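Visitor: I would like to learn how to read a structure feature by feature. Please give the general idea each time, and then the case at hand.

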Amino acid sequence: MEPLRRRGKFLFLPFDGTSMGELTFVVHLMQGGRLVPDEKQSAKPRFGMARWTFADGRALLLTESGNERKAGVWVMSGDPLDQEPLLGLGIEADQVTVDELTALVESKNMRLHGFLRDQHHLAGLGRMLANEICHRAKLSPFAMTAKLSSEEIERLHEAIHTCIDNALAHERTLDAMSKSADRPGAVHRRKGDQCPVCGDVIRAVEYSAYEVDYCPACQTGGKVLADNTTSKFLK
Ligand SMILES: [Zn+2]
């Protein structure tokens with residue numbers, strides 16, 4: 001059996017010897033999904049979405065607390081990378097080189113925060129890392145990507161790798177995956193707090209599904225950002 005793999009935010013659980021031959025279960029945890037050892041194997045597990053039972057009697061449970069119910073499981077035969085929803089995923093964020101990043105930001109002219117979250121450009125980053133990366137790189141979340149200088153792209157590249165490394169270092173001190181709210185960060189969900197770098201007050205631009213959090217002094221030359229897109233009126 002192949003080892004577990006990851007592509008972007010998707011986990012691959014490969015199984016052979018199933019009644020249907022070789023299969024890969026592709027799992028996306030979204031915000032609240034967790035894969036946990038299922039010791040009780042009760043008939044109606046709390047928050048249970050899917051269970052894998054192994055020949056030796058052990059089991060793995062996919063749980064999703066809260067009521068978002070967005071975690072997903074796909075069952076695939078053949079190579080998952082050739083199939084939806086994996087098609088079109090961008091370069092793995094933790095492996096992107098400066099040259100690749102330069103080509104990507106030059107090919108799209110869009111707001112940096114949206115660029116970082118779009119899985120077709122870079123795969124693996126979410127809302128929190130997008131906020132933390134913009135802050136560490138001292139770039140406005142609304143900076144237009146095609147206008148970034150080579151020096152700014154180098155800062156962005158360093159920030160992507162450092163923020164991912166810091167987040168993984170934190171997770172690896174824990175027995176179970178952390179909740180988003182408990183993850184250490186400088187700006188994410190810290191509206192009203194002081195910036196740990198400069199002491200300015202963290203600001204937020206709020207959307208229905210997420211917040212763009214930033215430090216004006218570090219990132220926008222003191223300017224307070226407003227949501228001046230029309231997208232909120234079109235939804
Ligand atoms: Zn600051």
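Visitor: Does Cys 218 count as buried or exposed, and at what relative accessibility?

Guide: Buried means under 20% relative accessible area, exposed means over 50%, and partly exposed lies in between, with a 1.4 Å probe and protein chains only. At 10% relative accessibility, Cys 218 is therefore buried. Cys 198, with a relative accessible area of 40%, is partly exposed.

Visitor: What should I know about the model before going further?

Guide: It is a predicted model, in which local features need pLDDT of at least 70 and side-chain atom pairs count only at pLDDT 80 or more, while totals for chains, interfaces and linings use all residues. Residues are numbered from 1 along each chain as its sequence is written, and side-chain values use heavy atoms, with hydrogens and water left out.

Visitor: Which residues coordinate the zinc ion?

Guide: Donors are N, O and S atoms within 2.8 Å of the metal (3.2 Å for Na, K and Ca); water is not among the atoms, so sites may look incomplete. Here the SG atoms of Cys 195, Cys 198, Cys 215 and Cys 218 coordinate the zinc ion at 2.2 to 2.4 Å. Along the chain, these donors follow the spacing C-x2-C-x16-C-x2-C. Cys 198 lies in the loop between helix H4 (150-171) and strand S10 (203-206), and Cys 218 lies in helix H5 (residues 216-219), 20 residues apart. Helices (H or I, at least four residues) and strands (E, at least two) are DSSP runs, numbered from the N terminus.

Visitor: What arrangement do the four donor atoms make around the zinc ion?

Guide: Ideal angles are 109.5 degrees for four tetrahedral donors. Four donors count as tetrahedral if all angles lie between 85 and 135 degrees. Around the zinc ion the angles are 96 to 113 degrees, so the arrangement is tetrahedral.

Visitor: How do I read a sheet, and what is the order of the strands in the open sheet of four?

Guide: Strands of a sheet pair through backbone hydrogen bonds, either parallel or antiparallel. Two strands count as paired if DSSP finds at least two bridges between them. The open sheet has the order S1-S2-S3-S7, and its pairing is antiparallel. Strand S1 (5-7) and strand S7 (72-76) each have a single partner strand, so one side of each has no neighbour in the sheet. From one strand to the next, the twist averages 30 degrees; axes are lines fitted to C-alpha atoms, for helices over the stretch in contact, and angles run from 0 to 180 degrees between N-to-C directions. S1 and strand S2 (residues 10-18) are joined by three bridges, and Arg 6 stands opposite Leu 11 in S2.

Visitor: How many salt bridges does a search of the whole structure find?

Guide: A salt bridge is a side-chain nitrogen of Lys or Arg within 4 Å of a carboxyl oxygen of Asp or Glu. The search finds nine. One of them pairs Arg 6 with Glu 92 at 2.9 Å, N to O. This pair spans 86 residues, from strand S1 to strand S8 (residues 91-92). Glu 92 also forms a salt bridge with Arg 7, the closest N and O atoms being 2.6 Å apart. Glu 92 is buried at 10% relative accessibility, Arg 7 is buried at 19%, and Arg 6 is partly exposed at 42%.

Visitor: Which residue forms a salt bridge with Asp 38?

Guide: The partner is Arg 51, with closest N and O atoms 2.6 Å apart. Asp 38 sits in the loop between strand S4 (33-37) and strand S5 (48-53), and Arg 51 sits in S5. Asp 38 is buried, with a relative accessible area of 8%, whereas Arg 51 is partly exposed at 32%.

Visitor: How many residues of strand S6 are buried?

Guide: Five of the six residues in S6 (residues 59-64) are buried. S6 runs antiparallel to S4, joined by five bridges, and antiparallel to S5, also through five bridges. Pro 37 has Leu 60 as its bridge partner in S6, and Arg 51 stands opposite Leu 61. S5 and S6 form a hairpin with five residues between them, and Gly 57 in the turn has a positive phi of about 100 degrees.

Terms used
Four donors count as tetrahedral if all angles lie between 85 and 135 degrees; four count as square planar and six as octahedral if opposite donors are over 155 degrees apart and all others between 65 and 115; anything else is irregular.
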